[in-house]
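Subject: Structure handover

Hi,

Here is the structure I promised to pass on to you. Have a look at it first, and then read on for my notes on what turned up.

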Amino acid sequence: MVDTELYPDQVYDLISVIPDPEIPVITIKDLGILRAVRIEDEEYIVTITPTYTACPAMGMIEDQIKEILSERGIKKVKVELTYSPAWTTDWLSYEAKIKLKQYGIAPPNHSSCSHMFDASEKVICPRCNSKQTELISRFGSTACKALYKCNSCKETFDLFKCH
Amino acid sequence: MTTKEATYTYALRLGDDALILGHRLSELCSRGPILEEDLALTNISLDMIGRAQALLKYAADTENNGNTEDDIAYRRAENHYYNHLLVEQPNGDFAHTIARQLLISVFEYLFYTELEKSRDENLSAIAKKVTKEVKYHMQHAIDWTIRLGDGTNESHKRMQTAINDMWMYSGELFEMDEVDQYLFREGVAVDLIPLKAHWQNRIQTVLTKATLVTPEDGYMQTGSKKGVHSENLGHILSEMQYLQRSYPDAKW
């Protein structure tokens, strides 16, 4: 089937299911990477924003957007990168935070975080729900995560940093 | 000088700082003193490369003569780079790496917080992202400065030596040339003069807490805004540009 006349909202829905390449349990919509779809000169313009300036997943996400739309017969697609407004973990939905926790990543604590997160901040272990956790490193396996350990179940885990 | 020309130079300078420091830090990949530190330093390096990409792309778009951010990053000669001398200094021992990170990240935190107010929408947008990231870099450097300074006799001695060695590259951070002045009048650039007192305050607070002595301002190295560098930059470029020079237009 070839769709040539889709509303931007429909295109948005089509690509909103794309999983984040590094945290595949949540989608680019859940994460707030997918910002908007509009039509300009008969071309679909998809706007995405990186979590961190160097997020290496951007290229892959762009390819996946084009692939999904190509399967629906939509060839005229441009993916634009925007830095403004700057991505924030405030955009993570409640559902996304639940999914992160089930996946083993502690979701960000705050709904807003203009302040620097500090080492004494209480982080709950996503595996055993213990509050007896401590920071190992502010920098984890990817730019958006910090490394923690749980003193109750002795496991290490990632915290999705408040940003 | 037009606003376009000045903006190109301004974006290029900021991009070069990020590119060269990003490359310096990437040299520590697999060489960090402990695994967590290896991750931290390379994470910071990655942030820098991302920032360089954003700023150099903006420079390329402003110049608008067909160059991409990659052309700008890999195809200039040494005297056409405008990064501060501080960021090209070698990693040295871990104390030197941390001293360099402390001086530059406190500066960058103050600088990019101001640049958020720029009338240039692109620079302001990039600044808002950078500020979030550089807070982590700054906290990382502060933690280590205190830990090493207020640590063993050996770590204290090394941290003091490193701060002393890096100090003469800090004066240049606050120099305003005609590009800065022109863009400051246009509401685009940051006024570096008032930044200096804030920077000194913050650095002194950290060093005091780390039981270290803040060096007196003596002779300060300068030149990078005119493309004059220490001998270190050439060595960095010979490695960084190797692939593009050996295999021009090579693509993954």
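This is a predicted model: local features need pLDDT of at least 70, side-chain atom pairs count only at pLDDT 80 or more; totals for chains, interfaces and linings use all residues.

In chain A, strand E5 (residues 133-137) and strand E6 (residues 145-150) pair in the antiparallel sense over four bridges.

Residues are numbered from 1 along each chain as its sequence is written, chains are lettered from A and ligands numbered from 1 in the order in which they are written, and side-chain values use heavy atoms, with hydrogens and water left out.

Back to E6(A). A:Cys150 in this strand stands opposite A:Thr133. E6(A) also pairs with strand E7 (residues 156-160) of chain A, again antiparallel, over five bridges, and A:Lys149 faces A:Thr156 there. E6(A) and E7(A) make a hairpin with five residues between them, and A:Lys154 in the turn has a positive phi of about 65°. Five of the six residues of E6(A) are buried, so the strand is largely enclosed by the rest of the structure. Buried means under 20% relative accessible area, exposed over 50%, and partly exposed in between (1.4 Å probe, protein chains only).

Chain A also holds an open sheet of three strands, ordered E1-E2-E3, with mixed pairing. Its edge strands are E1 (34-40) and E3 (77-81), each of which pairs on one side only. The twist averages 20° from one strand to the next; axes are lines fitted to C-alpha atoms, for helices over the stretch in contact, and angles run from 0 to 180 degrees between N-to-C directions. Helix H1 (residues 8-15) of chain A packs on this sheet, touching E1 and E2, and its direction makes about 140° with that of E1(A). Contact means heavy atoms within 4.5 Å. Helix H3 (residues 58-71) of chain A lies across E2 and E3, at about 155° to E3(A).

Where do the two chains meet? The contact takes 24 residues from chain A and 22 residues from chain B. About 2,100 Å² is buried between them, with carbon and sulfur atoms giving 64%; this is the accessible area (1.4 Å probe) that two parts lose on being put together, summed over both. One salt bridge is counted between the chains, and A:Arg138 and B:Asp143 meet in a salt bridge at 2.6 Å, N to O. The rule asks for a side-chain nitrogen of Lys or Arg within 4 Å of a carboxyl oxygen of Asp or Glu.

Over all chains the count comes to 20 salt bridges. In H3(A), A:Glu62 and A:Lys66 form one, with the closest N and O atoms 3.1 Å apart; being four residues apart, they are separated by about one helical turn. In chain B, a network of salt bridges links B:Arg13, B:Asp177, B:Asp180 and B:Lys225.

B:Arg100 is buried yet has no salt bridge, and the nearest side chain of opposite charge, B:Glu27, is 6.6 Å away. Lys and Arg count as positive and Asp and Glu as negative, while His and the chain ends are not counted.

Best wishes

Notes: Helices (H or I, at least four residues) and strands (E, at least two) are DSSP runs, numbered from the N terminus. Two strands pair if DSSP finds at least two bridges between them.
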